[in-house]
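Subject: Structure for you to look over

Hello,

Here is the structure I promised to pass on. Please open it alongside this note, and then read on for what turned up.

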Amino acid sequence: MTYHPKSDFLRVMMERGFLADCTDYQGLDEALIKGVVPAYIGFDATAKSLHVGSLIQIMMLRWLQKTGHKPITLMGGGTTKVGDPSFRADERPLLTPEEIDANIAGIKQVFAQYITYGDGPGDALMLNNAEWLDDLNYLDFLRDIGRHFSVNRMLSFESVKSRIDREQSLSFLEFNYMILQAYDFLELNRRYGCRLQMGGSDQWGNIVNGIDLTRRVLDHEIYGLTSPLLTTSDGRKMGKSADGAVWLDANMRSPYEFWQFWRNTNDADVGRFLKLYTELPLDECARLGALAGSEVNEAKIVLANEVTTLLHGRAEAEAAEATARAVFEKGGIGDDLPTLSLLHDDIGDGLSVVQLITRAGLAKSGKEAKRLIAEGGARINDAPLTDAGLMITAGDLGAPIKLSAGKKRHALVVLDM
């Protein structure tokens with residue numbers, strides 16, 4: 001559908017690539033024009049930090065506030081006890097209440113970098129759905145809420161259907177998740193006037209359930225909006241790097257390592273990521289995204305600086321850039337690093353990191369390289385390398401990769417264009 005929004009928020013969502021679908025474009029657009037719209041995104045507390053895969057949702061909430069509306073960050077203190085089965089092949093491990101509370105405390109610190117919390121009409125709220133889920137009476141809940149849900153319809157949602165089609169177990173505990181998420185929207189509307197739920201496109205079924213439930217119980221008009229599930233141009237899930245998840249907590253992923261992740265963006269993704277993950281004007285995003293050859297590296301540095309500044313501050317971004325230039329351009333401490341230059345034909349479908357360590361001269365054999373990794377002596381881009389089976393593709397070499405054996409032996413792997 002081609003819709004031309006009048007509200008600033010919906011226009012930003014469309015122009016910058018955040019919008020996959022909306023339950024009612026015109027209705028939401030009119031609501032956004034009339035006044036402040038409280039909107040929420042839910043985040044389950046399954047780890048001590050969110051990672052880059054959640055950053056698109058965080059940026060949506062940031063833009064919501066910048067365009068005059070009220071973000072609600074809903075922590076799933078209650079639903080994390082169940083686990084979202086959406087598009088998972090297996091059941092999530094269950095966490096204790098203490099583990100969930102500790103995870104929420106860590107996640108809160110990240111949100112404060114992007115969103116302003118407070119008591120004003122446009123200030124964000126941080127809520128926890130344990131507030132209304134923990135004390136639910138099961139029989140009352142079944143009678144008052146459960147009667148509005150059709151099991152036939154729930155079985156038709158792709159997130160559930162995909163598990164059943166693969167004959168993978170879906171517990172009754174997990175099956176309840178979509179009812180609980182729908183109930184979240186109802187309670188947020190009843191308690192805080194929330195009129196919009198946002199999330200990734202895999203949440204579409206859960207969002208629609210919440211809208212239907214709220215209309216049936218309260219007869220209120222509310223809306224849903226989803227963002228695309230992002231993958232990189234080489235098909236990888238956003239938020240993963242060669243050495244694991246790219247966490248947003250500085251204690252789990254240093255500002256330098258975070259900066260380096262964005263510096264290593266594939267050429268084909270630069271323009272799109274500038275629009276999604278920075279606040280640079282669209283024409284500047286387009287100009288930088290159109291750069292080719294060696295010039296695209298400067299666009300990647302702009303991307304890394306802007307994204308790192310939003311999360312960690314300008315000083316950390318500038319320090320990361322200075323460190324990267326010293327390491328990759330001057331070879332660190334003024335000495336040139338040994339460099340392994342590869343052609344596309346050399347790489348093919350990918351080379352194992354063990355092969356790269358050996359070919360770069362950091363180990364005499366594959367066996368020695370594997371032992372180096374197993375003993376914790378190998379690093380990739382200054383982060384611990386723990387997976388001896390890691391494959392490096394041409395897409396990973398959009399920027400040089402630094403390999404290290406111990407503290408003093410380093411080498412660069414570059415793609416010879």
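How many of the 5 residues of strand β14 (residues 401-405) are buried? The count is 5 of the 5, so β14 is largely enclosed by the rest of the structure. Please keep in mind that this is a predicted model.

**Strand β14 and its sheet**

Both faces of β14 are covered. Ile401, Leu403 and Ala405 are buried on one side. Lys402 and Ser404 are buried on the other.

The strand has a partner on either hand. Strand β11 (residues 378-380) joins β14 through 3 bridges, and the two run antiparallel. Within that pair, Ile380 stands opposite Leu403. Strand β15 (residues 409-415) is also antiparallel to β14, with 5 bridges between them. There, Ala405 has Arg409 as its bridge partner. The hairpin of β14 and β15 has 3 residues between the strands. In that hairpin, Gly406 takes a positive phi near 70 degrees.

Strand β9 runs parallel to β15, joined by 4 bridges. Ser341 and Val414 are bridge partners there.

**The 6-stranded sheet**

Another open sheet has 6 strands, in the order β1-β6-β5-β2-β3-β4. Its pairing is mixed too. The edge strands are β1 (21-22) and β4 (125-128). Each of them pairs with a single strand, so one side of each has no neighbour in the sheet. Strand β3 (residues 70-75) meets β4 in the parallel sense, over 4 bridges. Met75 has Asn128 in β4 as its bridge partner.

Helix α10 (residues 177-192) packs on this sheet. The helix touches β2 (38-43), β3, β4, β5 (196-200) and β6 (223-227). Its direction makes about 145 degrees with that of β2.

Gln197 is worth a look here. This residue lies in strand β5. Is Gln197 buried or exposed? Its relative accessible area is 3%, under the 20% cut-off, so Gln197 counts as buried. Beyond its neighbours within four places in sequence, Gln197 is in contact with Tyr40, Gln181, Phe185, Ile207, Tyr223, Gly224 and Leu225.

**The nonpolar core**

The largest nonpolar core has 67 residues. Which residues have the most contacts inside it? They are Trp262 and Tyr277. Leaving out residues up to four places away in sequence, Trp262 touches Tyr277 itself, along with Val52, Leu55, Met238, Phe273, Lys300, Leu303, Ala304 and Val307.

**Two exposed loop residues**

Asp219 sits in the loop between α11 (204-218) and β6. The residue is not a glycine, yet its phi is positive, at about 60 degrees. Its relative accessibility is 66%, and Asp219 counts as exposed.

Asp119 is in the loop between α4 (97-111) and β4. This residue is exposed as well, with a relative accessible area of 83%. How far apart in space are Asp119 and Leu142? The distance is 35 Å, C-alpha to C-alpha, and the two are 23 residues apart in sequence.

**The chain as a whole**

The protein chain has 19 helices and 15 strands. Its radius of gyration is 23 Å. The globule rule gives 22 Å for 417 residues, so the chain is as compact as a globular protein of that length. The C-alpha trace spans about 70 × 45 × 35 Å along its principal axes.

Buried residues make up 52% of the 417. The accessible surface comes to about 19,000 Å², and 50% of it belongs to carbon and sulfur atoms. Of the contacts between residues at least 6 apart in sequence, 73% join residues at least 24 apart.

Best wishes

Technical notes. Residues numbered from 1 in each chain as written. Predicted model: local features only at pLDDT ≥ 70, side-chain atom pairs only at ≥ 80, totals over all residues. Heavy atoms only, no water. Pairing = 2+ DSSP bridges. Contact = heavy atoms within 4.5 Å. Axes fitted to C-alpha atoms, helices over the stretch in contact; angles between N-to-C directions. Buried < 20%, exposed > 50% of the residue type's maximum accessible area, 1.4 Å probe, protein only. Core = buried A, V, L, I, M, F, W, Y, C linked by side-chain atoms within 4.5 Å. Rg over C-alpha atoms; globule rule 2.2 N^0.38 Å. Areas by Shrake-Rupley, 256 points an atom, 1.4 Å probe, with all protein chains shown as cover.
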